[in-house]
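Please find below my note on the two-chain model you sent for comment. I have set it out as numbered points, to be read alongside the coordinates.

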Amino acid sequence: METIRLRKGLNLHLKGEAQKKVLQTLVPEVVSVKPSDFRNMVPKLLVAEGDAVKAGQFLFSDKKRPQIGFASPVSGTVKAIVRGEKRKLLAVEVAADKETSYVQFEPLTVSKASRQEIQKVLLESGLWAGIIQRPYGIIANPEDTPKAIVISAFNSAPLAADINFTLKNDADAMQIAVDALSKFTNGKIYVNLDAETGNGSPLNLLRNVEKTMFKGPHPAGNVGVQINHLCPIGKGEIVWTIQPHFLAAMGKLISKGIYDVSRLVAVTGPRAVNPGYVKCVPGVHIKDLRAAAGSVDSENIYGQPTGIRFVSGNPLNGENVGADGSLDFYDDSVTFLSEGNYRELFGWAKIFRPKKFSMSRSYFSWLCPKKQYSADTNVNGGERAFIVSGVYDKVLPMDIYPVYLLKAILAEDIEKMEQFGIYEVIGEDFALCEYVDPSKIEIQKIIDKGIDLMLKEMA
Amino acid sequence: MNWILKTMDKMRPTFSKGGKLGWLHSTYDAFETFAAVPATTTTGRVHIKDAVDIKRVMIVVVMALMPAFCFGMWNTGDQHSLAFGLQWGFWMKVWYGFYRILPLILVSYIVGLGIEFAVAQVRGHEVNEGYLVTGFIIPLIMPIDIPLWVLALAVAFAVIFGKEIFGGTGMNIWNPALLARAFVFFAYPSTITGDSVWIGGLGKHADKVVDGFSGATPLAQVADGIAGAPDFMQMFIGNIPGSVGETSTIAILLGAILLIWTGVASWKIMVSCVAGALAVGFLANGLAEPGTFAAYPAVNHLVMGGFAFGAVFMATDPVSSAQTETGKWIYGFLIGAMCVILRLFNPGYREGMMLAILLMNTMAPLIDWCVVRKNVRRREKRAVAK
């Protein structure tokens with residue numbers, strides 16, 4: 001097995017890592033399914049309040065690609081259709097049954113099934129949404145044949161769920177899924193393992209795939225970084241990616257004929273009392289997860305009271321969903337962080353600032369590399385123009401000049417964006433660039449803007 | 001300490017938009033964010049941020065300038081006492097230096113920050129920290145006897161035409177501090193050239209000078225003939241006539257260590273700058289007839305004039321230097337090479353570092369373009385090859 005060594009990047013050590021134990025199997029009262037989880041998708045509502053739905057039945061579909069639908073993860077009754085300004089659909093709330101009843105699809109035997117049959121069940125169940133294409137990080141197009149399918153078997157982001165733990169019993173289901181996916185591409189299926197812990201990974205048991213080890217700090221586990229090293233994407237090329245927990249769900253769908261997207265979700269963060277794993281479906285409410293792991297409800301930073309930020313995802317790539325929010329479709333972790341709405345007297349001028357981590361040696365956190373920090377959401381400064389050069393390159397292990405790409409996006413120069421690599425990146429690949437940036441520029445938002453621009457131009 | 005925060009809470013409404021002094025809100029913000037890191041929180045998908053900000057980066061550069069500044073204070077007094085035959089002790093020399101440099105620094109900061117604050121106010125931006133460094137560097141690269149009104153004009157020129165018309169810190173093409181020096185050099189050459197400007201009081205009281213004291217900088221002495229120039233060690237230590245902060249190579253090296261250790265300035269630029277100067281220097285040594293300036297030991301170029309200060313503090317300005325890592329090697333090398341070429345072949349003005357850096361500031365985007373172009377080509381080929 002080949003090992004690819006990445007030197008660029010940064011591992012952040014944060015307080016509140018999930019203990020490897022299952023705290024609870026959550027049977028939610030209500031789940032929310034949100035169109036905003038799906039990039040570049042305009043929803044068409046398919047149910048009304050009061051309708052009874054089963055797990056695997058569509059709640060809404062994509063207006064532009066009606067064959068792609070989004071299913072309820074539980075059975076129950078549609079409790080509410082939540083709309084925002086201009087009647088924009090924000091969420092469909094489903095009051096869940098105690099026992100989930102599933103839409104029964106026909107189980108398939110992978111070796112005998114054709115691409116069309118597998119595609120049909122993936123689309124009809126709503127699990128197709130788990131397949132993401134590069135470029136742009138949007139739901140894959142069923143008509144495409146990708147040049148490769150790439151699966152990252154580990155998440156290197158801080159406080160992310162440990163896939164070796166969450167999927168340890170799902171190797172068989174994942175094998176069915178990769179065998180099924182192999183019918184969609186003429187190229188390889190890449191499975192990328194962590195060089196440190198990959199030998200114990202359930203994905204290391206997979207057969208008929210091309211396995212590669214990645215050694216190095218975050219973002220070594222980002223599938224975009226891995227693609228850049230294994231099968232870089234040029235203009236007109238498409239690579240599909242899928243998260244391991246969707247592989248497991250896909251295996252269950254194909255072998256048993258049910259849409260079961262339940263997964264082990266890491267409840268983490270400095271404000272979680274008892275960080276650990278909860279078995280649940282996407283769409284469960286944060287308050288249920290909060291009850292399972294407990295939360296530190298009041299905490300002072302520099303003598304000032306701070307609230308909690310509830311993030312679906314990890315601190316470097318997640319959505320601020322709020323205390324009333326719910327778990328995103330794609331996420332397998334939630335993070336409870338302190339809101340950084342405090343002021344720190346002469347913070348930037350202090351010689352020592354022991355509560356804060358910095359990659360820069362102008363602070364002294366390099367002295368204790370293993371120390372865990374209680375990170376909060378303070379920006380730690382004001383936004384400036386691009387001033388310091390070279391700092392972004394240190395955390396982006398891709399053959400890309402980040403500042404040039406960002407400036408091309410700001411200038412809305414499509415040709416330059418193509419040349420500088422817009423096809424190969426999505427926001428999460430630039431998360432560390434934004435984290436370390438002394439100019440405090442919102443780099444992920446710039447990348448998102450660039451991708452939206454490309455989607456608009458290419459449509 | 002909380003009283004500071006409370007006072008700020010009380011003052012803020014007055015300075016907010018709609019308040020009595022609302023038109024001063026950028027200025028107020030600058031002071032408030034100086035006193036305390038603001039309570040702003042992240043809004044995107046990245047929820048946490050590194051502790052470092054531009055204020056921290058800039059304060060590190062100011063700290064790195066301190067050895068050169070302190071040495072400059074002492075040296076100003078030392079040169080003055082040498083020139084006038086005074087038997088001053090250490091503290092008297094430092095006091096004299098402080099007393100002479102303080103007005104330069106005050107003028108630099110008052111004029112420069114005044115313009116910065118006004119522009120930030122008009123644009124509705126936050127005040128940039130860049131001038132904290134620029135404003136400190138400018139007095140250090142001027143002769144001690146520069147008239148304050150010339151300094152004020154130079155600062156205004158540098159801030160307005162060097163920075164603000166491009167959009168402020170981060171957008172400028174040339175290093176603003178060097179632009180101030182270039183402005184003085186071209187607009188008021190008599191205040192920055194000749195033998196009498198480098199030592200405090202020498203211009204005004206030329207009659208009281210000790211017999212045989214010239215006040216010429218080593219660079220001028222060497223250019224007139226190698227004999228009589230100070231030796232390497234004296235220039236390395238720096239008790240020689242010259243601009244306030246750039247005489248002592250050893251003090252500048254202390255700053256360089258801090259800059260490289262903290263990663264604030266690029267070591268690649270510093271190293272390649274030295275390499276470029278040595279390459280041209282040795283080449284000239286090899287080809288030159290003995291006794292000419294070209295035969296002057298190449299190593300001495302590193303400790304003469306503004307070379308060390310320029311290589312450490314100005315060539316490495318992240319905004320006006322090359323942005324790509326490969327580009328930094330080329331950019332630094334060419335600065336060093338160009339500096340020595342200018343010294344050897346430009347009899348009118350021997351100090352090549354200022355012009356070398358400004359020239360390469362102009363060329364830096366071109367160097368980067370070539371480097372990035374190579375990357376684009378490679379990426380395109382990669383697509384074809386597959």
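This is a predicted model: local features need pLDDT of at least 70, side-chain atom pairs count only at pLDDT 80 or more; totals for chains, interfaces and linings use all residues.

1. On the extent of the interface. Between chain A and chain B about 6,300 Å² is buried, with 54% of this area on carbon and sulfur atoms. On the side of chain A, the residues that lose the most area to chain B are R343(A), W348(A) and R384(A), which together account for 16% of what that side buries. Counted by residues, 78 of chain A are in contact with 64 of chain B.

2. On the polar part of the interface. Seven salt bridges are found across the interface of chain A and chain B, and 40 residue pairs are in polar contact between the two chains, both residues of each pair being at pLDDT 80 or more. The elements of chain A that each supply at least two residues to the side touching chain B include α4 (223–230), β20 (308–314), β21 (317–320) and α10 (443–458). By class, that side of chain A is made up of 34 nonpolar, 24 polar and 20 charged residues.

3. On strand pairing between the chains. Strand β23(A) pairs with strand β1 of chain B, residues 36–37, in the antiparallel sense and over two bridges. Within β1(B), A36(B) is the bridge partner of L345(A).

4. On S389(A). Where in chain A does S389(A) lie? The residue is placed in the loop between β23 and α7 (402–410) of chain A, and its side chain is joined to that of K328(B) by a polar contact of 3.1 Å. Leaving out residues up to four places away in sequence, S389(A) touches P318(B), A322(B), Q323(B) and K328(B). S389(A) counts as buried because its relative accessibility is 13%, below the 20% cut-off.

5. On salt bridges within the chains. Over all chains, the search of the whole structure finds 41 salt bridges. In one of them, the side chains of D429(A) and R134(A) meet at 3.3 Å, N to O, and this pair links distant parts of the chain, with D429(A) in the loop between α8 and α9 and R134(A) in strand β10 (residues 131–134), 295 residues apart. D429(A) and R134(A) are both buried.

6. On two pairs in chain B. K163(B) and E116(B) meet through their side chains in a salt bridge of 2.8 Å, N to O; K163(B) is in the loop between α6 (148–162) and α7 (176–187), while E116(B) is in helix α4 (residues 90–123), 47 residues apart. K163(B) is buried, with a relative accessible area of 2%, and E116(B) is likewise buried, at 3%. A further salt bridge joins R343(B) and E351(B), whose closest N and O atoms are 3.4 Å apart, and R343(B) and E351(B) are both buried.

7. On helix α3(A). Helix α3 of chain A, residues 171–181, is mostly covered, since eight of its eleven residues are buried. Among these buried residues are A171(A), M174(A), Q175(A), V178(A) and L181(A). The buried residues of α3(A) pack against α1 (115–125), β10, β12 (148–152), β13 (189–194), β15 (239–242) and α5 (244–256) of chain A.

8. On two further buried residues of chain A. T166(A) is found in helix α2, residues 163–166, and is buried, with a relative accessible area of 12%; leaving aside its neighbours within four places in sequence, T166(A) is in contact with A161(A), L264(A) and Y277(A). V30(A) is found in strand β3, residues 30–33, and is also buried, at 15% relative accessible area. Not counting residues up to four places away in sequence, V30(A) touches K79(A), E93(A), V94(A), A95(A), A96(A), G283(A) and H285(A).

Key
Residues are numbered from 1 along each chain as its sequence is written. Chains are lettered from A and ligands numbered from 1 in the order in which they are written. Side-chain values use heavy atoms; hydrogens and water are left out. Contact means heavy atoms within 4.5 Å. Buried area is the accessible area (1.4 Å probe) that two parts lose on being put together, summed over both. A salt bridge is a side-chain nitrogen of Lys or Arg within 4 Å of a carboxyl oxygen of Asp or Glu. A polar contact is a pair of N or O atoms within 3.5 Å; within protein, one must be able to donate a hydrogen and the other to accept it, and residues adjacent in sequence count only if both atoms are side-chain atoms. Helices (H or I, at least four residues) and strands (E, at least two) are DSSP runs, numbered from the N terminus. Ala, Val, Leu, Ile, Met, Phe, Trp, Tyr, Cys and Pro count as nonpolar, Asp, Glu, Lys and Arg as charged, and the others, Gly among them, as polar. Two strands pair if DSSP finds at least two bridges between them. Buried means under 20% relative accessible area, exposed over 50%, partly exposed in between (1.4 Å probe, protein chains only).
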